[in-house]
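The following exercises examine a structure one chain at a time and then turn to a contact. Each task is followed by a worked solution.

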Amino acid sequence: MNDPGLKDIWVYLSASPLLGLTITLVAYGLAYRLYLRTNSNPLANPVVTSVAMLIGLLLLTGTSYSDYFEGGQFVHFLLGPATVALAVPLYQQFSRLRQLWMPVTLSLLCGVVIAAGSSIWLARIFGGSLEIQMSLAPKSATAPVAMGISEKIGGLPSLTAVLVVITGITGAVLGTKLFEWIRVKDDTAKGIAMGVAAHGIGTARAFQVSNQMGAFSGLAMALSAFATALLVPWLVDLFDAWIPA
Amino acid sequence: MQFLNGITLLLVYQLVGEVTVRLLGVPIPGPVLGMVMLFITLWIRGSAPESVETASTALLSHLSLLFVPAGVGMMAHFSRIADEWVPITLALLLSTVITMVATALVMQLTTRWLVGPAAKEEQSHE
């Protein structure tokens, strides 16, 4: 970039939210096309490929994450209204939900305790620091809840946000195959498991399978946000009392 | 106009959720409370207005996109993740698999025990 004209343009672009926003949408558009091209292969999950493209591009151009986020925040902001919007598919599944409230409650409680308990315990036996254990504990909850809990129990909220996204991707990528192996066929059971373990990214994947799976995944994500906020701090105390680090 | 009305309503519920959460000091995120409140509203109302349906479908059809900026945040934590990549990778991967398998099995078994095969049959017609 020796040309002064180009340099001026770059200075303008890197300071403006326009670039971050545009590259996010372009990268996702390409990633989504690739995903369709592979016949919706979960390994070509559009979150994975677009995040990889964007990180590559930012590293290549020496752009910092905070400069990128100037534009990225507009997309990020929509997570809020999208969470509220989950009420609609949930309402559409209301009769089914009323019939299944007992199994849903039981599997949600199991799921939330297992998600947090197993990540603390596994991180501990594989030698992770206490900070990593606590940052991992709320990883299955949706990002804003997980970050709040992480801060409360002594993790790093911004690291938790990243771990939450990686967890979601892992769940979205492995989910359908796993359910095939363990022979779970009901869309309601698959949806609940996806939402508990892999929050919104799992829910996005579930909606690609069926509307019912998506609605139950959204329900599980919302309820496990409540359950995680209430149970995880208590679970951490329990761990400290019974299984010293 | 439908979309605009719908998205406005979603934002109003989110705003009310955020304000309520702060006023009551509960550790639940505002949008989650907003979702619960919208759900109760739809339930009382007995149907979802077309505007809300339009906006909700539009937002949820590309839900994955909304996680991309947070995912890119990984680059700010490369060194930390590199330092402890073994416990992070193993704990995250195994725990996610265990959680998903356990939850799906509990849900499937309890549905059969508590709700019975009738519920399952009805479901397959959908």
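**Exercise 1.** How many helices and how many strands does chain A have?

*Solution.* The structure is a predicted model. In it, chain A contains 13 helices and zero strands. Reading along the sequence accordingly gives the pattern α-α-α-α-α-α-α-α-α-α-α-α-α for chain A.

**Exercise 2.** Determine whether the radius of gyration of chain A agrees with that of a compact globule.

*Solution.* Begin with the chain length: for 245 residues, a compact globule would have a radius of gyration near 18 Å. The value for chain A is 20 Å, which agrees. Next, consider the extent along the principal axes: the C-alpha atoms of chain A fill a box of roughly 65 × 45 × 30 Å. Then turn to burial: 55% of the 245 residues of chain A count as buried. Finally, take the contacts in chain A between residues at least 6 apart in sequence; 63% of these join residues at least 24 apart.

**Exercise 3.** Describe the domains of chain B.

*Solution.* The domain assignment divides chain B into domain 1 (1-61) and domain 2 (69-126). Taken over C-alpha atoms, the centres of these two domains of chain B are 26 Å apart.

How values were computed: Residues are numbered from 1 along each chain as its sequence is written. Chains are lettered from A and ligands numbered from 1 in the order in which they are written. This is a predicted model: local features need pLDDT of at least 70, side-chain atom pairs count only at pLDDT 80 or more; totals for chains, interfaces and linings use all residues. Domain bounds come from an automatic or database domain assignment. Helices (H or I, at least four residues) and strands (E, at least two) are DSSP runs, numbered from the N terminus. The radius of gyration is taken over C-alpha atoms; the globule rule is 2.2 Å times the number of residues to the power 0.38. A residue is buried if 20 or more other C-beta atoms lie within 10 Å of its own, exposed if 12 or fewer, and partly exposed in between; C-beta atoms are placed from the backbone. Two residues are in contact if their C-beta atoms, placed from the backbone, lie within 7 Å.
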